[in-house]
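User: Please take a close look at the charged side chains of this model and at how they pair. I would like one connected account that also covers their structural surroundings.

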Amino acid sequence: MSKFTHLDEAGQARMVDVTEKTPTVRSATATGLVRCAPHVVAALRDGSVPKGDVLAVARVAGIAGAKRTPELLPLAHVIGVHGVVLDAEVTDDGVELTATARTADRTGVEMEALTAVSVAALNVVDMVKALDKSTSIESVRLIAKTGGKSGDWHREP
């Protein structure tokens, strides 16, 4: 039987014990796209989406989502999320989202950054779905992380 970090000796799921690890400064950045039809992009740009300020709601929801990551991912650690920045920009393709999460803790914030983007994207869809049911979430991915035992990593362009 191969050794999986999130399985115990009996093959049962477990949370990895990070008690002995030293807290270090860590960050992670994730991106995603909410692809929108041209008429939705126009409504986003001119502020005529019936539900209100889509980007403001997405930003707040994404930050809240990052802080709730361990509630959504059962094997994720409860860590101090010390900072989250969520940028949302309307482009010709829809809404581009970028989230950076930071901590000074024993494990990284990759999942928090990915959760922030995912929750923000879901909120964009929720806010514009009355305008276009075909709105979709695409390309949610980690693009960079810093700190920790594995060091820095950046996705190749």
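**Charged pairs and their surroundings**

D92 counts as exposed, at 63% relative accessibility. The model in which this residue is examined is a predicted one. The side chain of D92 meets that of R45 in a salt bridge, with an N to O distance of 2.9 Å. Because D92 lies in the loop between β2 and β3 while R45 belongs to helix α1, the pair ties together parts that are 47 residues apart in sequence. R45 itself counts as partly exposed, at 47% relative accessibility.

Helix α1 comprises residues 38-46, and V40, V41, A43 and L44 are buried in it. These four cover an arc of only 160° around the axis, so they lie on the same side of α1. What covers the buried residues of α1 includes the helices α2 (54-67) and α4 (110-128), together with the strands β2 (83-91) and β3 (94-105). On the face turned away from the buried side, α1 carries the exposed residues P38 and D46. Just after α1, G47 takes a positive phi of about 75°.

A further salt bridge joins the side chains of D126 and K51, at 3.5 Å from N to O. This pair links distant parts of the chain, with D126 in helix α4 and K51 in the loop between α1 and α2, 75 residues apart. D126 is partly exposed, with a relative accessible area of 31%, and K51 is partly exposed as well, at 44%.

R68 and E71 provide another salt bridge between side chains, at 2.8 Å from N to O. Here R68 counts as partly exposed, at 47% relative accessibility, whereas E71 is exposed, with a relative accessible area of 57%. A search of the whole structure finds six salt bridges.

Which charged residue is buried yet has no salt bridge? That residue is K145, whose nearest side chain of opposite charge, E110, is 4.3 Å away. The side chain of K145 instead makes a polar contact with the side chain of S150, at 3.0 Å. Apart from residues up to four places away in sequence, K145 touches S27, A28, E110, S150, G151, D152 and W153.

K145 has its place in strand β4, which spans residues 136-146. S139 is also found in strand β4. Its phi is near 55°, a positive value in a residue other than glycine. By way of background, most residues other than glycine have a negative phi. S139 is partly exposed, with a relative accessible area of 44%.

V16 is found in the segment before β1 (24-35) and is partly exposed, with a relative accessible area of 22%. Leaving aside neighbours within four places in sequence, V16 is in contact with T5, H6 and H77. V16 and D53 are 37 residues apart in sequence, and their C-alpha atoms are 40 Å apart in space.

Conventions: Residues are numbered from 1 along each chain as its sequence is written. This is a predicted model: local features need pLDDT of at least 70, side-chain atom pairs count only at pLDDT 80 or more; totals for chains, interfaces and linings use all residues. Side-chain values use heavy atoms; hydrogens and water are left out. Helices (H or I, at least four residues) and strands (E, at least two) are DSSP runs, numbered from the N terminus. Buried means under 20% relative accessible area, exposed over 50%, partly exposed in between (1.4 Å probe, protein chains only). Lys and Arg count as positive and Asp and Glu as negative; His and the chain ends are not counted. A salt bridge is a side-chain nitrogen of Lys or Arg within 4 Å of a carboxyl oxygen of Asp or Glu. A polar contact is a pair of N or O atoms within 3.5 Å; within protein, one must be able to donate a hydrogen and the other to accept it, and residues adjacent in sequence count only if both atoms are side-chain atoms. Contact means heavy atoms within 4.5 Å. The arc is that of the directions from the helix axis to the C-beta atoms.
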